[in-house]
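Here's a quick briefing to read with the model open beside you. Have a look at the chain first, then work through the notes.

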Amino acid sequence: MTYWRQVRADNPNAYLIYKEHPDVVAGNRAGKWPEAALREFADEVVYKVDIVSCLEATDEVHTLTSLTGFEALLRGMPVSVYGLPFYGGWGLTRDRRPYPRPRRSLQLDELIAGALLLYPLYLDPISRLHVMR
């Protein structure tokens with residue numbers, strides 16, 4: 001069962017809005033589904049709506065691995081993940097698939113620090129040298 005059919009099965013009375021990943025819309029990633037198939041589970045399919053507006057209009061997010069889930073966590077929203085995103089498996093999301101290796105629990109500020117401060121390698125745009133953390 002595709003994850004979006006699972007979302008509908010788990011939330012039969014919810015009003016579900018589906019927004020395709022921007023890479024799929026641009027043709028840079030596989031995964032395009034016919035709108036008729038999407039309407040089997042979604043009450044509304046949106047295209048030209050920015051993700052912030054979508055998040056402001058929703059109560060929770062269900063996703064495979066999209067950064068939208070991370071954005072929703074930053075906004076204090078419940079997030080269910082059906083893939084293995086970097087922000088899943090830490091006790092902050094409802095993980096619909098087991099992670100291959102157990103992870104310890106993190107607080108949201110720990111995840112944010114790891115994702116935005118400790119893990120990335122930043123370059124100074126002028127000198128092109130690594131920025132010290």
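What follows covers the overall layout, then the packing, the charged pairs and a few local spots.

This is a predicted model, so local features need pLDDT of at least 70 and side-chain atom pairs count only at pLDDT 80 or more, while totals for chains, interfaces and linings use all residues. Residues are numbered from 1 along each chain as its sequence is written, and side-chain values use heavy atoms, with hydrogens and water left out.

**Confidence**

- The mean pLDDT of the chain is 90, and 98% of its residues reach 70 or more; pLDDT is the predictor's confidence in each residue, from 0 to 100.

**Overall layout**

- You're looking at six helices and five strands; these are DSSP runs numbered from the N terminus, with helices being H or I of at least four residues and strands being E of at least two.
- Along the sequence they run α-β-α-α-β-α-β-α-β-β-α.
- Taken along the principal axes, the C-alpha atoms fill a box of roughly 50 × 35 × 30 Å.
- The chain exposes about 9,100 Å², and carbon and sulfur atoms supply 56% of that; accessible areas come from the Shrake-Rupley method with a 1.4 Å probe, and for residues only the protein chains shown count as cover.

**Packing**

- Of the 133 residues in the chain, 30% are buried (buried means under 20% relative accessible area, exposed over 50%, and partly exposed in between, with a 1.4 Å probe and protein chains only).
- Residues 24 or more positions apart account for 30% of the chain's contacts with a separation of 6 or more, where contact means heavy atoms within 4.5 Å.
- Helix 5 (residues 67-74) has Thr 68, Gly 69, Phe 70, Ala 72 and Leu 73 buried.
- The cover over those buried residues of helix 5 includes helix 4 (51-56), strand 3 (61-63), strand 4 and helix 6.
- Just after helix 5, Gly 76 takes a positive phi of about 75 degrees.

**Salt bridges**

- The whole structure holds eight salt bridges, each being a side-chain nitrogen of Lys or Arg within 4 Å of a carboxyl oxygen of Asp or Glu.
- One of them pairs Arg 96 with Asp 10, with the closest N and O atoms 2.7 Å apart. Arg 96 sits in the loop between strand 5 and helix 6 and Asp 10 in helix 1, so this pair ties together parts that are 86 residues apart in sequence.
- Both partners are partly exposed: Arg 96 has 42% relative accessibility, and Asp 10 has 33%.
- Another joins Arg 94 to Glu 60, where the closest N and O atoms are 3.2 Å apart. Arg 94 is in strand 5 and Glu 60 in the loop between helix 4 and strand 3, so the pair ties together parts 34 residues apart in sequence.
- Glu 35 and Arg 39 also meet through their side chains, at 2.8 Å from N to O. Glu 35 is partly exposed at 33%, as is Arg 39 at 41%.

**More on Arg 94**

- Arg 94 lies in strand 5 (residues 94-95) and is partly exposed, with a relative accessible area of 40%.
- Its side chain also makes a polar contact with the side chain of Ser 80, at 3.0 Å. A polar contact is a pair of N or O atoms within 3.5 Å; within protein, one must be able to donate a hydrogen and the other to accept it, and residues adjacent in sequence count only if both atoms are side-chain atoms.
- Leaving aside neighbours within four places in sequence, Arg 94 is in contact with Glu 60, Pro 78, Val 79, Ser 80 and Val 81.

**Other spots to check**

- Asn 11 is in the loop between helix 1 (3-10) and strand 1 (17-19), and its side chain reaches the backbone oxygen of Val 7 at 2.9 Å.
- Beyond neighbours within four places in sequence, Asn 11 is in contact with Glu 60 and His 62.
- Arg 128, in the segment after helix 6, has a positive phi of about 65 degrees although it is not a glycine. Arg 128 counts as exposed, at 57% relative accessibility.
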